[in-house]
Amino acid sequence: MGDKYVLSFSPMGAGEHTAVYLVGDFDYETGKFDYHVSGEMDWGLDYYAPQSFLTPDGRRVIVGWANEWEWMPAWKDWGPTYKEGWCGSFNIPREVCMKEDNTLQFLPIAEVETIRESPEHKDVLVVPEKETELTAGDGVCFELKMKIDLEKTDADKLELSLRCGEGRKTVCLFDFRKAELSVDRNAADGWSRGISRSVMYLKGKKELDVHILSDQSSLEIFTDQYQNNHSNNIFAGDAQNKLQLRAIGGSALIKDMETYGLNN
């Protein structure tokens with residue numbers, strides 16, 4: 001990318017590290033790759049072995065495998081899909097962009113916008129400790145974009161519960177005190193298990209951007225300018241179509257919230 005070389009790989013048996021990238025310089029004469037930037041494409045439990053290609057208009061796009069393997073920590077078996085005659089799928093294709101510091105961003109491709117419907121927008125939302133219900137499409141297949149105003153948020157945590165219903169939910173927790181983002185699917189569907197975690201780099205930042213894409217069997221969560229991402233499969237029923245938001249230990253301020261349904 002540009003004048004830099006990017007090496008990506010998916011190590012086996014490295015715990016939560018399943019999609020690593022290195023950025024550096026490559027010397028064809030010596031065969032040596034000297035990297036000076038390392039990062040993670042996705043911290044989720046279901047993002048593995050991404051492959052990249054160039055589109056005709058010059059974009060670098062990657063597509064990852066949306067499933068676990070036997071050696072991964074949260075793996076149980078091949079799951080509910082086995083009974084339906086399929087196993088695993090692809091994540092939403094992502095465009096890879098390089099920032100000035102040579103770190104990478106992984107953005108859902110712009111073509112996703114062509115299936116948006118039922119748009120809603122809210123300029124400002126103050127989130128108290130009491131649960132607040134949100135609407136986004138049918139609550140199953142939807143897109144949600146928002147910004148957390150860090151300067152006007154005094155809560156310790158912000159809890160976003162996705163695909164809620166029938167006593168089940170997947171919990172996305174922004175812990176501002178610990179600077180940690182976690183996605184807990186232990187109560188997601190009666191089968192899935194595991195919590196994906198990553199560090200949130202908040203120092204000196206005024207806001208934290210969040211972008212979520214949900215479909216029948218997956219949640220893909222993008223934060224921090226698409227550099228801190230979590231992709232997790234869940235197998236929630238159609239009745240699990242509620243979204244809930246609550247602050248913990250104070251209040252949180254959300255701005256520029258956009259929601260869309262996704263046409264199939």
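In the chain, 60% of the contacts with a separation of 6 or more are made by residues 24 or more positions apart, a contact being defined by heavy atoms within 4.5 Å. The structure is a predicted model, in which local features need pLDDT of at least 70 and side-chain atom pairs count only at pLDDT 80 or more, whereas totals for chains, interfaces and linings use all residues. Residues are numbered from 1 along each chain as its sequence is written, and side-chain values use heavy atoms, with hydrogens and water left out.

The secondary structure of the chain consists of 0 helices and 19 strands, where helices (H or I, at least four residues) and strands (E, at least two) are DSSP runs numbered from the N terminus. The C-alpha trace spans about 60 × 50 × 35 Å along its principal axes. For 264 residues, a compact globule would have a radius of gyration near 18 Å, and the 19 Å of the chain agrees with this value; the radius is taken over C-alpha atoms, and the globule rule is 2.2 Å times the number of residues to the power 0.38.

Of the 264 residues, 48% count as buried, a class that requires under 20% relative accessible area, with exposed set at over 50% and partly exposed in between (1.4 Å probe, protein chains only). The chain exposes about 13200 Å², of which carbon and sulfur atoms supply 50%; accessible areas come from the Shrake-Rupley method with a 1.4 Å probe, and for residues only the protein chains shown count as cover.

The structure holds 0 disulfides, a disulfide being a pair of cysteine sulfur atoms within 2.5 Å. Cys141 is in no disulfide, and the nearest cysteine sulfur, that of Cys164, is 16 Å away; Cys141 is partly exposed, with a relative accessible area of 22%. Cys172 is likewise in no disulfide, its nearest cysteine sulfur, that of Cys164, being 12 Å away, but Cys172 is buried, with a relative accessible area of 0%.

Positive phi values occur in residues other than glycine, including Ala179, where phi is near 55 degrees, and Gln225, where phi is about 60 degrees. Ala179 is placed in the loop between β12 (168–175) and β13 (180–184) and is partly exposed, at a relative accessible area of 22%. Gln225 lies in the loop between β16 (218–223) and β17 (228–233), and with a relative accessible area of 37% Gln225 also counts as partly exposed.

Two further loop positions are buried. Ile109, in the loop between β7 (104–108) and β8 (116–127), has a relative accessible area of 15% and is buried. Gln240, in the loop between β17 and β18 (242–248), is buried at 1% relative accessibility. Gln240 and Arg163 are 77 residues apart in sequence, yet their C-alpha atoms are 4.8 Å apart in space. Leaving aside neighbours within four places in sequence, the contacts of Gln240 include Arg163, Cys164, Gly165 and Ala188.Among strand residues, Arg60 is found in β5 (residues 60–65) and is partly exposed, with a relative accessible area of 29%. Arg60 touches Met1, Ser52, Phe53, Leu54, Arg94, Glu95 and Val96, residues up to four places away in sequence not being counted, whereas the C-alpha atoms of Arg60 and Gly31, 29 residues apart along the chain, are separated by 24 Å. Glu258, located in strand β19 (residues 252–262), counts as partly exposed at 24% relative accessibility. Apart from its neighbours within four places in sequence, Glu258 is in contact with Glu120, His121, Glu143, Leu144 and Lys145. The C-alpha atoms of Glu258 and Ala179, 79 residues apart along the chain, are separated by 25 Å.
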